[in-house]
Amino acid sequence: MMKKRTLIVAGILAGAMLGSAAQAAPAVNEGYDWALRVSDEDRADAAILAYEVDGTDDQPLNFTCEEGSNRIFVGISGHSPDLTAIDLVSGEAALHVAGTTEAEEMPYFSSTEEIAADAPFFRAFVANGWLRMTDGTASLDMAATASGRRAIADFARFCAG
């Protein structure tokens, strides 16, 4: 009987380990990566971390902050003019982001509340190097290459207060 229980427990543990393997990083999307740009416009150093195709306007998601502010904002360019919220997930951490969309020339969604650089979701994103964005109709995985992982970590350090 003890041997049977040991096998059952071992089977449960193996199943749990396989379940956590399902949380592995998604594949990198061809041509996309996380890129960091820092500027010093308006006397405050600011940074943008964007998931993009280099040299194009194709940018499904970006984060912005001022240096040391511990306040990160989310933006999406060219999405639906009706977008009012997105959900972000990285590993076990999730975040619901409410926002507004301005639709003058090109719709631009921006979060109405900031994310702290040390918030559980953002820490998970930095550690994992990927996130999944869902806009209510579709989901998009955004995984980093080694260079993108460095950009994510540099952005987190830049924004930390």
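Helices and strands are taken here as DSSP runs, numbered from the N terminus. In the predicted model, asparagine 62 lies in strand S3, which covers residues 61–66. With a relative accessible area of 2%, asparagine 62 is buried, since the term applies to values under 20%. The residues touched by asparagine 62, leaving aside those up to four places away in sequence, are Ile48, Leu49, Ala50, Phe73, Val74, Gly75, Ile76 and Tyr108. Leucine 36 stands 26 residues from asparagine 62 in sequence, and their C-alpha atoms are 9.7 Å apart in space.

The protein as a whole contains three helices and nine strands. Read from the N terminus, these elements follow the order α-β-β-β-β-β-β-β-α-β-β-α. The chain has 161 residues, of which 34% count as buried. Among contacts with a separation of 6 or more, 53% are between residues 24 or more positions apart.

The largest nonpolar core comprises 34 residues. Within this core, the residues with the most contacts are Trp34, Leu61, Phe63, Ile86, Leu88 and Leu131. The element that gives the most to the core is helix H3, residues 146–159, with six residues.

Helix H2 spans residues 120–128, and its buried residues are Phe121, Phe122, Ala124 and Phe125. Viewed down the axis of H2, these buried residues fall within an arc of 160°, and they therefore line one face of the helix. An α-helix has 3.6 residues a turn, so residues three or four places apart point the same way. Pro120 and Ala127, on the other side of H2, are exposed.

The packing of H2 against H3 was examined next. Two packed helices are described by the angle between their axes and the distance between the axes. The axes of H2 and H3 come within 8 Å and cross at roughly 145°. The crossing of H2 past H3 is left-handed. On the H2 side the contact is made by Phe122, Phe125, Val126, Ala127 and Asn128, and on the H3 side by Arg149, Ile152, Ala153, Phe155 and Ala156. Sorted by class, the residues in this contact are eight nonpolar, one polar and one charged.

Cysteine 159 counts as buried because its relative accessibility is 0%. Not counting residues up to four places away in sequence, cysteine 159 touches Cys65, Glu66, Gly68, Ser69, Asn70, Arg71, Ile72 and Ala117. Serine 69, one of these residues, is 90 residues from cysteine 159 along the chain, yet their C-alpha atoms are separated by 5.7 Å.

Asparagine 70, also touched by cysteine 159, is located in the loop between S3 and strand S4 (72–77). Although asparagine 70 is not a glycine, it has a positive phi of about 60°. Its relative accessible area is 24%, and asparagine 70 is therefore partly exposed, a term that covers values between the limit for buried, under 20%, and that for exposed, over 50%.

Conventions:
Residues are numbered from 1 along each chain as its sequence is written. This is a predicted model: local features need pLDDT of at least 70, side-chain atom pairs count only at pLDDT 80 or more; totals for chains, interfaces and linings use all residues. Side-chain values use heavy atoms; hydrogens and water are left out. A nonpolar core is a set of buried Ala, Val, Leu, Ile, Met, Phe, Trp, Tyr and Cys residues joined through side-chain atoms within 4.5 Å. Buried means under 20% relative accessible area, exposed over 50%, partly exposed in between (1.4 Å probe, protein chains only). Helices (H or I, at least four residues) and strands (E, at least two) are DSSP runs, numbered from the N terminus. The arc is that of the directions from the helix axis to the C-beta atoms. Axes are lines fitted to C-alpha atoms, for helices over the stretch in contact, and angles run from 0 to 180 degrees between N-to-C directions. A crossing is left-handed if the near helix is turned anticlockwise from the far one by less than a right angle, and right-handed if clockwise. Contact means heavy atoms within 4.5 Å. Ala, Val, Leu, Ile, Met, Phe, Trp, Tyr, Cys and Pro count as nonpolar, Asp, Glu, Lys and Arg as charged, and the others, Gly among them, as polar.
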